[in-house]
Amino acid sequence: MTDVLVLTAHPHLEHSRVNRALMQAAAAVDRVEVRDLYALYPDYLIDVAAEQDALLKAQLIVWQHPLHWYHMPPLMKLWVDEVLAFGWSYGPEGHALRGKDLWLITSTGGTEDSYRPDAYNRYHFDAFMPPYEQTATLCGMRFLPPMVLHGAHHVSEAELTRHAHTLAERLRRYPDWPELAALEDCVACEVPVTARPQDLPVESA
Amino acid sequence: MEHSSWLSGSLVYLAAAVLAVPLAKKLGLGSIIGYLVAGIVIGPRVLRLVTDPAEMLHFAEFGVVLMLFLVGLELEPRRLWSLRKPIFGWGSVQVFGSALLLMGVAAAAGVPWRIALVAALGLALSSTAIGLGVLAERNLMGTTGGQSLLSVALLQDIAAIPVLALLPLLAMSSAAHVDSNGWLGAAKALGVIAIIVLGGRLLLRPALRWIARSATPEIFTAAALLLVVATAALMQAVGLSMALGAFLAGVLLAESEYRHELETDIEPFKGLLLGLFFIAVGMSIDFGVVLAQPLLIAAIVFGFLALKAAVLWGMSRGMALPLPERPVFIILLAQGGEFGFVVFQAAAQAGVIDAPTSSLLVAAVALSMLLTPLLLVATDRWWAPLLAGQNRSTLQELNQPQHAPVIIAGFGRYGQIVGRLMFANGIDATVLDHDAEQVEGVRRFGWPAFYGDATRLDLLRTAGAEHARVLVVAIDDTAQSLKVVDIAREHFPQLTLVARARNVTHYYGLMDRGVKLIERETLDSALMSARSVLELLGYERHQARNLALRFRRHSVELLETMAQHRNDQGKLIAVAKQGRQQLEQMWARERDDAEARKKVRASLVSAQQPANQIDEQA
């Protein structure tokens with residue numbers, strides 16, 4: 001029985017060293033189902049029903065992708081737009097994901113030092129996280145502290161192996177992580193009725 | 001009495017045709033030879049069921065008229081105009097070149113010049129009926145050779161007019177008298193052509209429209225026939241070729257909205273009358289004359305065929321006709337023709353040649369027309385394989401072992417697209433095609449294709465099937481495609497098969513054999529067209545794309561579901577209907593939702609409620 005869903009999104013997995021290794025490490029864990037979005041939907045035609053089914057089965061949802069332009073790759077974003085539908089994962093009756101956890105595994109080309117006010121990325125890395133965090137929160141999910149690998153182009157094999165090992169270990173041990181105890185419960189975000197035309201059936205695929 | 005002779009005549013002709021034509025076709029000889037033989041058998045020499053071939057020939061000539069009308073219908077004025085060079089240039093070369101050569105040889109053989117001239121002019125003409133009939137039967141009308149043949153045949157029809165006008169002159173009657181008649185005739189002829197052209201332009205279409213509005217199909221058919229008969233009668237009244245007139249009328253109607261209707265209406269009449277015409281030609285072969293002077297006849301027939309063929313061979317080179325089209329072009333134009341009959345009969349009447357000479361020449365022409373289909377069959381048997389053999393010898397079958405990771409079997413329209421994407425990515429692919437011409441063609445464009453039959457195990461092995469990773473089965477023929485799949489499954493289990501499905505039955509055949517990657521050959525291009533239609537109807541481009549892609553997924557899933565029920569027609573239809581309904585309902589629901597949402601939004605805006613829009617749904 002798998003209760004961890006890893007959604008991998010890398011538009012050029014054939015050139016990827018880091019994300020490929022991480023995906024393989026995750027796939028090797030028994031309780032994990034990996035869905036490689038670019039392999040599943042090369043034509044960007046997402047099977048929303050299948051994606052929602054996979055989400056329902058999981059307690060921990062992992063987004064694994066490189067950070068491109070400070071955000072997720074386009075197919076991942078399309079996945080968010082179409083799968084996290086109004087009335088299903090948020091809004092009235094939209095409770096399908098309530099109580100689950102969302103964990104971001106990402107890598108950046110820039111080093112950790114580049115994410116500083118005096119460096120070329122100008123902001124600390126955490127400054128780019130609010131959209132992710134709020135997406136999770138709106139759906140009633142806890143946003144777990146992300147696992148980030150900076151300077152992915154220059155990371156050594158040993159370092160990568162260690163990182164992948166840590167990832168696999170944490171997936172295995174979830175939810176038995178020390179930091180989870182300190183994490184607050186998800187705040188409730190009720191979308192006001194006036195925010196969106198209502199009394200309409202759920203948009204299906 | 002009159003009545004019963006009409007009945008018995010019809011009985012004889014129809015029975016002869018119904019018996020002889022299928023038999024000839026079965027023997028691979030073509031329908032024309034069947035008609036000719038039927039004519040010989042029922043004619044005055046063998047069974048004597050019919051005794052007056054000349055009258056029948058006269059009546060059946062109308063088949064040729066109808067045929068030229070139909071040819072004209074296929075030829076818009078603009079295209080006819082573009083053919084003016086082959087018509088007047090090469091057509092004149094054929095008629096005058098052949099006539100000069102024939103006359104020279106005849107004169108050298110001691111034939112008096114006047115007879116030599118008439119014989120040469122009559123024999124230079126060819127049978128439009130057989131020529132165009134063969135082109136239609138073999139579907140060659142659209143080829144370069146076919147168009148060249150048509151051009152020459154048209155000029156012959158035109159040339160027959162001055163040839164016939166020349167005969168009285170040769171009879172050495174009063175020159176002045178004939179001259180004035182000639183001028184008058186020419187003026188009349190020009191007048192009639194002007195009437196046909198102007199009438200065709202101005203009157204025909206409104207008239208046809210008026211008749212069509214009566215919504216009585218048989219009256220439209222009658223009008224179509226009347227049109228051809230009237231044109232022919234007009235032309236004949238001033239001594240012009242009936243066929244030429246019908247052709248002109250056809251050309252004038254080629255662009256009208258009734259073209260197709262006229263074609264379907266006239267077609268059966270043409271077919272039957274043309275058959276009757278060939279029967280009449282068979283009947284008119286006077287075996288008495290032939291048997292009296294067999295050697296002389298043989299010399300005339302083969303002599304004129306050879307001389308005309310020589311001229312035509314030179315022409316076909318000059319026109320740069322494709323090599324495989326040359327034999328048909330030469331053989332069809334080398335034969336004598338129905339205009340020859342007319343010329344010789346008229347010449348005999350005018351006293352230019354005597355009756356025995358006339359029937360000798362008529363017999364020679366008729367025999368050449370009988371020989372033509374036989375020569376064509378012989379060409380198909382001996383020459384065409386020889387040409388193909390030559391191709392094959394320059395085009396060696398694949399014999400060097402290949403090592404590419406991809407093998408493409410079939411390099412036609414489908415395989416080429418697959419191959420080009422591979423080559424463009426620097427991926428090596430071994431291309432096989434069993435059609436030598438196709439291989440030569442794509443090689444000219446620089447594609448590395450091999451000649452070879454992929455349904456042969458040894459050839460697949462040479463192509464590297466034991467080590468390759470992918471075999472693309474892009475063969476046209478479904479049976480051969482399945483055969484290749486069977487061989488590959490059995491002998492090269494490591495190969496992944498990627499197959500082109502010609503139709504659903506083929507798709508299931510491939511599925512049964514365990515092929516996973518099957519594409520229906522028309523699905524994606526049709527969907528692209530459907531997207532264009534949606535866009536033209538005002539759908540957003542991206543929405544059209546989404547609908548097409550979702551439809552595609554639905555269609556593939558449905559096809560796989562239907563596969564389980566494919567032996568149960570009732571169930572199959574039920575599943576297909578159900579699948580369609582599901583999709584339709586789902587999309588109808590989505591449209592309703594979108595519409596409803598739009599309305600609610602509009603009402604919110606009009607109620608001026610400050611909508612606390614959240615980012616995600618902006």
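**Two helix pairs in chain B**

H8(B) crosses H15(B) with right-handed geometry; a crossing is right-handed if the near helix is turned clockwise from the far one by less than a right angle, and left-handed if anticlockwise. The contact involves Gly145(B), Ser148(B), Leu149(B) and Val152(B) on the H8(B) side and Val328(B), Phe329(B), Leu332(B) and Leu333(B) on the H15(B) side, contact being C-beta atoms, placed from the backbone, within 7 Å. By class, these residues are 6 nonpolar, 2 polar and no charged. Nonpolar covers Ala, Val, Leu, Ile, Met, Phe, Trp, Tyr, Cys and Pro, charged covers Asp, Glu, Lys and Arg, and the others, Gly among them, are polar.

This is a predicted model, where local features need pLDDT of at least 70 and side-chain atom pairs 80 or more, while totals for chains, interfaces and linings use all residues. Residues are numbered from 1 along each chain as its sequence is written, with chains lettered from A and ligands numbered from 1 in the order written.

Now the angles. H8 (residues 144-170) and H15 (residues 326-334), both of chain B, pack at about 20° with axes 9 Å apart. H8(B) and H15(B) are therefore roughly parallel, the term for angles under 35 degrees, with over 145 being roughly antiparallel.

What about H6(B) and H16(B): parallel or antiparallel? H6 (residues 113-124) and H16 (residues 338-350) of chain B pack at about 160°, axes 8 Å apart, and are therefore roughly antiparallel. Their crossing is right-handed. Val118(B), Leu121(B), Gly122(B) and Leu123(B) of H6(B) meet Gly340(B), Val343(B), Phe344(B) and Ala347(B) of H16(B). That contact has 6 nonpolar, 2 polar and no charged residues.

Technical notes: Axes fitted to C-alpha atoms, helices over the stretch in contact; angles between N-to-C directions. Helix = DSSP H or I, 4+ residues; strand = E, 2+ residues; numbered from the N terminus. Parallel < 35°, antiparallel > 145°, perpendicular 65-115°, else oblique. Contact = placed C-beta atoms within 7 Å.
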